[in-house]
Each structure stands twice: as C-alpha cells, then as structure tokens.
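Have the viewer open as you go through the points.

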Amino acid sequence: MDKKIILKYALLNAAQYDGKANVQAVLGKILREKPELKKKIKDMIPDIQKIVKDVNSWSKEKQKSEIKKIGISLERKVEERRELPDLPNAKMGKVITAFPPEPSKYPHIGHAKAALINYLYAKKYKGKFIVRFEDTNPELSKKEFYYALINGLKWLGIKWDKLDYVSDHIEKYYKSTERLIKENKAYVCVCKQNEIKKNRRLMEECKCRKNSLNENLELWTKMLTAFKEGEASVRIKISMEHKNAAMRDPTIMRIIDYPHPRIKKKYRVWPMYDFATALMDSWGGITHRIRSKEFEMRTELQQFIQKSLGLKSPYITEIARFNLKGVTSSGRQIREMIKNKELFGWDDPRLTTLIALKRRGFNPEGIKEFLVSTGVSKSEATLTWDVLESFNRSVIDPKCNRYFCVFNPVKIKIKDSPKVNKVRIHLHPDFPRRGYREIPVNINKIFISKDDFKKFKGKKVRLIGLFNVKLDKKAEFISKEIVMKMPKIQWVSEKNIPVSIVMNDGSIKKGITESETKKLKVNDRIQFVRFGFCRLDKVKPDLVFYFTHK
Ligand SMILES: [Zn+2]
C-alpha cells in the first residue's frame, strides 16, 4: 500500500478542516482515486490511522510545507492542472488573444470553450485577453445579450484585460472603406441582393465593378446619407471566379436603418462580419486567434482584407466545432422554440447555454475541466452529456450534502421494531465533521418510493440510517446492524415536505423529502440519495429543485 497517497489525502483533509484530518474521510478519498483498494480496506486502516494521527499532531505551518513538498495544489484549478499545447510564434508577455462574440444570443458551452481556450493561452504566455463585442448588426444585438455574455464569462471565472465594442470604432471603418475605394480595391454595388447572389454562383461580374473613382465616391456618400436599406453596399474587389465563394467580391459595408442598442441612430452603415473582425484583430494587436472550425473558409478573406490595408494578421488556429450531441445551439432555432413554447426560455434544462447549466446546478470548475479535456484539435468528436456530467460530478460530489427524497410514496408500518423517535445521519459520509441531519421517526408512518416497494417487496432491505426490515406494507423488523450486500433504500417518515424537481428533459417530478431540507437556501446544491444531484431553485410556496444529473 502506497503511503504517499494516504499522506496526500490526510494533508488535504487537514487543510480543509482546520488542521485536523479524519480517518473515514481520508479512506473515502483514497477509494475514490483507487477503487481497486476496496478489497484491502482492513490492511489499510492501521496505516491511515497512524498517518492521520501524525498529520494532526503537526502545526499548520508544517502541514503546509509538507503539502508543498509533495507538490499538490489545494485548489483544483483547471488552469494549473492541464497544460495546453504550445502556440506557434508565441513570445512570453507578447501574446494577445481575443474572444469576439456577437451579442445576439445567450452564450452556450461552445462559446465558453472558445473564450476559455483564448483566455488560458493569454494566461499561459502572460499576455492579454480581450473580449470584444462584434455588435455591428443593430437588428440582432440586444442589451440583454451583452449582459448575458459578460455574466456567463464571469460565472466561469474568465477575466479579461480589455472589453471592447466594435460599435465604438465605426468611424475608423468609414475611413478604411474610403481608402479601399480610393485605391480601387473596393466599389459600391447597387445591384439587388438576389442578383449579387446569382452572379456569385455564376462567377459573373456586375456593371458596378467598372465604376470610376468619382462614381464610387459619390455613391459612397449617398450610402451614408440617402440610399435606403438594400439599395447599395460596398464590395471588396477580389475575383468573381475565385474557387472560395467567400472571396467572390464579398460585401464589406451595408446599410441597416435600425437603432443600435448602444449608440442608437448614430450610424446607418455597418461593416459586415469579416471586415469587422479582420480590422479589429489588427487594430487590437491580436497575435493569436483560436476559433471554431466553422470560420475556416473565412480566414482567407480576412487575411486578404488585412493585407489590402497593409495591416498585420494574427496567427489563426481552428478547433473543432463544439456542442453536445442532440442539443441545438442555434440562436435562431432556440428563439423559435421559446416562441412556440417548446422550451421554457434560454435557461431551459435541455439546453447547453451557460444559464441553463447554472440553473441546473453545474459547477463552473466542472465545466472548465470538461472543456479543457476536449482539447484543441480540429477533429470533431461526439461529445455527450455523460462526459460533461462525469467531470461535474467529481467536482460537486464532495460539496453536496445528502438527503432523502421519495417518489410515489408507499406507506409502510414496521412491526416489532425497537422504539425509535429519531435518527441522525451524516450530511456527507466522507466528511463526518460536516455534521448530521436529524430525521424524526414514526414507525407506523414510513414512506418509501413505489419503485423500491415493488422491487423489494417480501425481501430484506435496509432503511438507510434506521434498520433492516423484511419489506411489506406491514414490514417486519429484522436487525439494526448494517449487513453487507443487503439493498439499501431511502425513506421519509411522518414529518416530510413536498418537493418538485424540474428534470433535465423539462418534465417535473414530484416527491416528498425529509423535513431538514427546509433549512436549505436557494442555490444550495445537494444530492438526493439514490436519485441524483439537484440545485434548490425556489423555496416558496413549495421547494422546487432543478435536477443536475445522477
Ligand atoms: Zn453591382
């Protein structure tokens, strides 16, 4: 038996509980890391007892220095535990990365990954990380979404060195557009949208491409003042025969007559996505961009734009598109489903938006560990809820106290039982120091879940924390001692309170729980034994939980 692992957990446990480790808690931790040791519990106990005793006799300073010596960190911070692969041409202190969301929807787990990876790279190279709102479509940008993005990133513990808004730089876009026009690198096109589309498909030039400089400048002025939406746009001159369709004279500036959530009606001509992002990258001195593969076809165009204006291009690396299997992340689709009442809202438990995960009780550390584990490769992997949940489980399990909840309750009486008025059960078996909860008992009114009743009727079961019975409506008392391999079921007694649990498929499950859950506060996360983790969402008029996962 490796004594190092005992020492590690004894020290960590001591650090968590005011310098005093506990044998049971240390044992629990060891078994979680090495379940194969379960068979050797008996041999391990004396060693654990001895080491825990030693550690507890040390001063806190000595405990701290021992922790340092074996090189473990107290906080399981994802940033320090997993190293990202090196970035090319990255110089310590010089790296600037960015996360540029459009404030048009609530951020989901894919946004979180893009933000986290760029943030972690900036941190790795002691550089800077910029959050930049690409808010150049006033019809889609909404105040609500700016806040949602900021709150989502804050919740994940992602910090930025600068918060920028493309809408603060519009004058500079006008200057750059004028320059491109003057250098004959762009022209104003007055063709209709469907004509432009058709020409692009047929690889044909339109007559506007041959505008003189004066014609272009005049049309450009008219765009800023007189033209109506859809009547004119500025296109960059590349080639209508380019094999990448994104390169066939794409539009870079267009008219949108709609009040902007930040700057109202100050402007009516707005840069298109590629023009906006390419220039902001250069102006902001972004050295590295790590972004989702769906932008791959756009990189060529963005670099062309930068070159046309004599600007620097960041190093761009693409990573696989990211979401969980079977979950939509399309803002348009989600908006529609909310409208049709197929979803409760952006925080519907079926979604992978950050507010949905938060409401369900996911922990930001669990999410970040999961995201980093998925890596920065380009190849798509099918990611499922299971994987995210297992990362989250290992983070929240030690934090969540445990309670009983019974579904479709079946009332049983217990014959010939010794007198019991109440029982005390550990809030968390691995952390006995956390204390107990008390359950008042009336042996004539014990409730168990219908499923358990059906499954174990006529068999011997342990009512956890109470005693063993032969199960029936009139159950027989058998014994008090824990018997290995006897099925263990949760129960509640006369004093219980109704709860509703919003499940991850949107359904609502009703049950009754022990009365101590009344002490819980909104946002508390707990585990209902043999059911799963839940977050308390409401306390009035009744307790409403959100199901996190099993
Ligand atoms: Zn045209």
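W385 is buried, because its relative accessible area is 18% and buried means under 20% relative accessible area, exposed over 50% and partly exposed in between (1.4 Å probe, protein chains only). This is a predicted model, in which local features need pLDDT of at least 70 and side-chain atom pairs count only at pLDDT 80 or more, while totals for chains, interfaces and linings use all residues. Residues are numbered from 1 along each chain as its sequence is written, and side-chain values use heavy atoms, with hydrogens and water left out.

**Aromatic rings and charges**

- The structure holds 21 aromatic pairs; rings of Phe, Tyr and Trp (its six-membered ring) pair if their centres lie within 6.5 Å, and planes under 30 degrees apart count as stacked, over 60 as edge-to-face and the rest as tilted.
- F362 and W385 make a tilted pair, because their ring centres are 6.4 Å apart and their planes are at 40 degrees.
- F362 lies in the loop between α14 and α15 and W385 in helix α16, so the pair ties together parts that are 23 residues apart in sequence. Helices (H or I, at least four residues) and strands (E, at least two) are DSSP runs, numbered from the N terminus.
- F362 counts as buried, at 1% relative accessibility.
- One aromatic cluster is formed by Y174, W220, Y267 and W270.
- The charged end of K62 sits over the ring of W58, 4.6 Å from its centre; this requires NZ of Lys or CZ of Arg within 6 Å of the ring centre and within 35 degrees of the ring normal.

**Zinc site**

- C189, C191, C206 and C208 coordinate the zinc ion through their SG atoms at 2.2 to 2.4 Å (donors are N, O and S atoms within 2.8 Å of the metal, or 3.2 Å for Na, K and Ca).
- The site is tetrahedral, with angles of 105 to 112 degrees among its four donor atoms (four donors count as tetrahedral if all angles lie between 85 and 135 degrees).
- C189 is buried at 0% relative accessibility, and C208 is buried at 3%.

**Nonpolar core**

- The largest nonpolar core has 42 residues, and I109, I158, L357, I367, F370, L371 and L388 touch the most other members. Such a core is a set of buried Ala, Val, Leu, Ile, Met, Phe, Trp, Tyr and Cys residues joined through side-chain atoms within 4.5 Å.
- Helix α6 gives the most to this core, with 10 residues.

Methods
Four donors count as tetrahedral if all angles lie between 85 and 135 degrees; four count as square planar and six as octahedral if opposite donors are over 155 degrees apart and all others between 65 and 115; anything else is irregular.
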